[in-house]
Amino acid sequence: MTDSTLPQPIAAGLRRDADPDAQPGAAPAQPKRVAESAGLGRVDRTRTLSFRWGGRTLQGHPGDTLAAALLANDVRIVGRSFKYHRPRGVMSAGVEEGGAIVTVGEGARRTPNVNAATQELFDGLVAHGQNAWPSVERDLGSINDLGSPFLKAGFYYKTFFSFLPRVVPSSRVGTDHWMRYEALIRRAAGMGRASDAPDPDLYETVHAHCDALVVGSGPAGLEAARLLAEAGQDVVLVEQDFELGGRLLHETRAIEGAPAEDWRRDRLAKLSSLGVRMLSRTTAFGLYDHGVAGLVERVSDNAPKPEPDQVRERVWIVRAARTVLATGAIERGIAFGNNDRPGVMGAEAARIYLNRYGVRAGAKAVVATAHDGGWRAAAELAAAGAEVTLLDARDVQIDAPAGVTVRTQCAPRRALGARGVTGLEIARQTGAGWRAEDRIEAELIAVAGGWSPSVALLSHRGVKPVWNERRHAFLPGPTPPGIEVCGRAAGLEDPTASAVSGRNAARRALGRAEKASEEPIEETEETPRAFVYEVRAPGAPAKAFVDPQHDVTSADIRLAHQEGYVSVEHLKRYTTLGMATDQGKVGNVLGLALMAEARGVDIAEVGTTTFRPPYTPVSIGALAGRARGRHVKPERRTPMHAWNLARGAQMTDAGLWKRPWFYPRAGETIDDACVREAATARKTVALCDVTSLGKIAVQGPDAAEFLNRIYVNGFAKLPIGRARYGVMLREDGVAMDDGTVWRMGETDYYMTTTTAAAGKVMSWLEELLQTRWSDLRVAVCSVTEQWAGLSVAGPHARNLLSALVADIDFSDEAFPYMGVREGTLGGRPVRLARISFSGALAYEIHIESDYAEAMAETLWEGARALGGCLYGTEALGTLRIEKGFVTHAEIDGRTTLSDLGLGAMASKTKPYIGAALKDRPATADPSRPRLVGLIPVDKDAVFKSGAILCRPDAVKGHGIGWVSSVTHSPALGHWIGLGLVEGGVEAWEGQTILAAYPVRSDLVHVKVVSPVFVDPEGHALKPEQDPVAPSLRPAPDRLARRLPSGADWPEDAHPGAARAIFGRGGPGGALEDFESPETDRQDRPVWLVEGAPKPLWRISAWPEAAHALEARLADALGVAPPAPGRRISGAVAALSRVAPRVWLQEGGAAPALDPEEGAVLSLEHALARIVIGGPRAADLLARFVSVDLRPAAFPVGAIAGVDIHHTAAVLARTDERRFALWLPRSYRHGLWLMLEETARQWR
Amino acid sequence: MLRIPCPFCGLRDHAEFDYAGDATIAYPELGAPQERWCEAVYLRDDPKGPHVELWRHARGCGSWLIVERDTLTHEIKGARFAHPGDAIAMGPPPPSPPAEPLAPSDEPEQPAPAPEVAPEAASEAERKA
């Protein structure tokens, strides 16, 4: 392996330099690992793991962290500091690490800023130091440390931002200096370099629900979890470490009379038997409202790369009825000179490395403390054979532990040694200050600066910590309902006391125990603690670090105070205290104490900043989960998608939809194709897939009244068999959307909307019906997916359709312009309307979606015989611009009816939504920009949509309007456009203005004309006579049905052998086989199949008829009436209640409904059904669906509307391990792929 | 993440819902004067504390709900259907006419669930029956 990031000669040199002990047998394999006979450490010494550090190959053991293994190998310098490039070593054994921040992995998996103290060691791990060149051992950037008097807090701002020309005449203004030097500075000061390659790994989100979430698996967490589980609670226990037990993993004290390890094993066994879900390597990174917690599970960070199809990290979103925080505490340091030298670490960290990993970080050790806890570290190090000096800042009389030299009223003044600790200068307390004393040799300085409870998660919920004078710590303030804190996080020290407090927290969480029934907490008697945060003796200056990771020193805090940045928020921003990856876990309290001292106030008065999520860094990949690449947003496809592709369509995005853009023939550009397609639509006949247009069924006795209120024009008298164009306004009088409404029957209307506004309109109609006009008996339902539409435009349109749809009379008299007719094509019902968005003779023909391909093929065959073609959205745009029809380029949320030239449509005889406010002075102002047509003065000129329209003499500002749409017009032979100009055609007709496109310095002279460029009288719409056509082959007797499975769609090719695992829709009854219980694939952890086609009816009831209707529906099917959210399966059909007044009937015949009762509608083609089965089915669904799927909450027979990847779907549990998922068919393709990709992890 | 107690679906993530603003606005008749429409469309309080608002369970049962939420604490006091007819449909069936003799039933008699609808709604249902 070579370090590919370095030029070869240097890399080679490095390897020689960096491994002086390369001769075999020259040094002990792991010099700092204590002998196995000492019985220390829980690493597996029977196995050796090899890993690479810089150029060296080193060894460690399973159970090591990277930091433990580096210490064991006596690697002292592991990083260079952020600003000064000072050498840094391992400073802690946990998430608070400020020194051992390294880069792990290679190539696309190179991950910078990894905490070595929490990175699990694995065989083949590759890591190196960062922020250093050529290496952390010999870093040229360390020259910054010499220049450091200039690099203190505020240096960059003062130097690069503040030279105003007034002050320094030669200076440029403001940030100019920064812009010039930023790149250099960023390179010198900074962190690791991320990989430039795309992340090759998978991530996912899981939704989880539990009765109780316990964070932390130390004594308090284990006991809280045990009591909760014993009380019958469904408990999730999370632990950020790779092993469960928290401090029990290094505790030498007995807990409740038992050795810590025995106690730990006992409790874990109990939790396991109680069914507690235990997640290790999982950090609770955020606590949110209503019991929601965010966890990140590091699934594969203990291996070079994830196993195939396994994720690297997984985010859990947990909804917990109650939460117990046993998050422990973090040991602080003390600010003294060079307290960042490799060899200075926390006293608890020294214990952890010794007791958990069997690594003695120094043979000569100094322990500095101001509380009894430090004495334990001293005793344990001495027992492990180290020569130990204990410095206690207090004046205490305690018996010295064996082998420990005790010096009271002493503290470290300054660490000695340039590249790592070689000794220590001791300070002695004299009255209020410190005086330098002697020097001693030392290899390790273990600092017990006191404890800071981990209260970050509470801070996320707005709980302010409270300073406790006795414990010298910020303790949690009063917790919100449903959250309890215990153990060290609550300020306790003794492990037994923590265990008791864990049980008490569980009792409180259960709400069962009164305060009196809690067990008393007895802490071991302690000598009073002292609060020592800085040892500042007069003499030679040496930096004393408060926040080592961000190189913030005690002098920086005083400087901030001196310059007036005294509030805690200003202090943070001025010095960057607490803004490194550890977010102030170690440094904050020291900084606050120093500021309190400088201000002469109590630390409580200084206050704290608010911790915000995440508690520890979370990768962006984990947060994105599977929503990346093609899944970043859902994709919608029409049922003719594959057919369009097979006809050569180039696709374009229209919102979430994929729509045919143009169909190029050999050698054609998009312009060529568009011109040909548009011309064909005017000359012969052309077909366009218009399925993505929104379609809404509006049903009920009051439907006419409802439509009349929402459209500006009259709908009360629209006869059956007719369509009408309508525009709806927003309440503020601005145009919202346009479309047509077809009246299919007495109480049945079929509304079309634009593709863009379909969702918005649907939601708006529901809002009106449910929140304002609850007296109207109207049901609305999107049927966009139920019906597929083709536009048939051109002089031959009638010739084509009358040859294929034999049961409709297409004569002008029988089927006039704006007429609606129902008939059959190949035996299937079709609905047609004679409407035109092109100005040509045109029809829309709609068919049930499963038959869309067959319909397209049938019509295409006829169209080809007539010399027709297919056209896409580009030609569609051309045709509508030629006719001056508006779309959302013009209905852009700013324009009124009059602006769009549609003012005459508005009814003066009825009120409607938006009527009142459309006539406000501002919206009724005739000088507002209004729709105009634009043609270039120079007929060869091209102008652009988005250009600003200006008076020829005033090309500035916002001009007098803008260009909204442009196209090359095949009918006119030059470019044309639509735009909005102040005053409109009336003010500017025939005048020349300028279309300015400043971004490209483009100026085109355009003439203002009427927006209708072609056939203003509309002759083509209603031709006197159709062109003579050859006789066409009639439609086939039966159209082929095509399910939304798309198994053979060309771009479905997907790596892997999905078919071997998952069933897929196919011919010949395979679907039925897969769905039958006998063929449940027991051998598969999870399987997916396409549901076989089955009738599906949606029934809505008017309020008063609901009970009777439900009873009748149930009776007719021979099932019991389903309770809300339940599905009852009968012999012929299943009946479900999916909303207060909505039922779904699967199978059986259409229920007969009186319009006075409600409305019924088929959704058989609208929803694709995917059946998901197997023992892991619920786990697969929990990756997408946030609904509680635990059997008690979602039993067999449950059915619910769910959100799957931002898509509304319906989910039912049909048996213990089987679900049916109904998806809007246009989303089915992408969602199936997501489900399938996710399911692979259980292969 | 807020958790909203949908009266049809139960407690659900707010990500399934669309927020739709103040539920206490009394929209005027369509033909009402411009001033009244201006007031309804544009004038909104921005309360710190209790707020009655509309949420649509868009990726759930589709119901529009009236939710009482504290804008300061996010505490949600409750949610009910915006459409009064939904409460009727979810309530107990209206008493059936006692004319026909009861057919023998295999199922044990279930006590009727306590009515969840407001008294006036229930009495209206009775009147209709």
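**Exercise 1. Determine which elements cover the buried residues of H21(A), and how far this helix is enclosed.**

Step 1. In this predicted model, the cover over the buried residues of H21(A) includes strand E37 (787-793), strand E38 (820-825), strand E40 (842-848) and helix H22 (852-865) of chain A.

Step 2. The buried residues themselves are A:Ala797, A:Arg798, A:Asn799, A:Leu800, A:Leu801, A:Ala803 and A:Leu804.

Step 3. Since helix H21 spans residues 797-804 of chain A and seven of its eight residues are buried, it is largely enclosed by the rest of the structure.

**Exercise 2. Describe how H21(A) and H22(A) are placed relative to each other, and which residues make their contact.**

Step 1. The two axes, those of H21(A) and H22(A), come within 10 Å and cross at roughly 130°.

Step 2. The crossing in which H21(A) passes H22(A) is right-handed.

Step 3. On the side of H21(A) the contact is made by A:Leu800, A:Ala803 and A:Leu804, while H22(A) brings A:Thr858, A:Leu859, A:Gly862 and A:Ala863.

Step 4. Sorted by class, the residues of this contact between H21(A) and H22(A) are five nonpolar and two polar, with no charged residue.

**Exercise 3. Decide whether A:Val236 is buried or exposed, and find which residues it touches.**

Step 1. A:Val236 lies in strand E9, which covers residues 235-238 of chain A.

Step 2. The cut-off for a buried residue is 20 or more other C-beta atoms within 10 Å; because A:Val236 has 26 such atoms within that distance, it is buried.

Step 3. Leaving aside residues up to four places away in sequence, A:Val236 touches A:Ala208, A:Cys210, A:Leu213, A:Arg277, A:Leu279 and A:Val318.

Step 4. For one of these, A:Cys210, the separation from A:Val236 is 26 residues in sequence but 6.6 Å in space, taken from C-alpha to C-alpha.

**Exercise 4. Characterise the side of chain A that touches chain B.**

Step 1. Contacts join 41 residues of chain A to 41 residues of chain B.

Step 2. At least two residues of this side of chain A come from each of helix H20 (758-772), helix H24 (915-918), helix H29 (1106-1117), strand E51 (1134-1139) and strand E55 (1199-1204).

Step 3. The most is given by H20(A), with six residues.

Step 4. By class, this side of chain A comprises 19 nonpolar, nine polar and 13 charged residues.

Methods:
Residues are numbered from 1 along each chain as its sequence is written. Chains are lettered from A and ligands numbered from 1 in the order in which they are written. This is a predicted model: local features need pLDDT of at least 70, side-chain atom pairs count only at pLDDT 80 or more; totals for chains, interfaces and linings use all residues. Two residues are in contact if their C-beta atoms, placed from the backbone, lie within 7 Å. Helices (H or I, at least four residues) and strands (E, at least two) are DSSP runs, numbered from the N terminus. Ala, Val, Leu, Ile, Met, Phe, Trp, Tyr, Cys and Pro count as nonpolar, Asp, Glu, Lys and Arg as charged, and the others, Gly among them, as polar. A residue is buried if 20 or more other C-beta atoms lie within 10 Å of its own, exposed if 12 or fewer, and partly exposed in between; C-beta atoms are placed from the backbone. Axes are lines fitted to C-alpha atoms, for helices over the stretch in contact, and angles run from 0 to 180 degrees between N-to-C directions. Angles under 35 degrees count as roughly parallel, over 145 as roughly antiparallel, 65 to 115 as roughly perpendicular and the rest as oblique. A crossing is left-handed if the near helix is turned anticlockwise from the far one by less than a right angle, and right-handed if clockwise.
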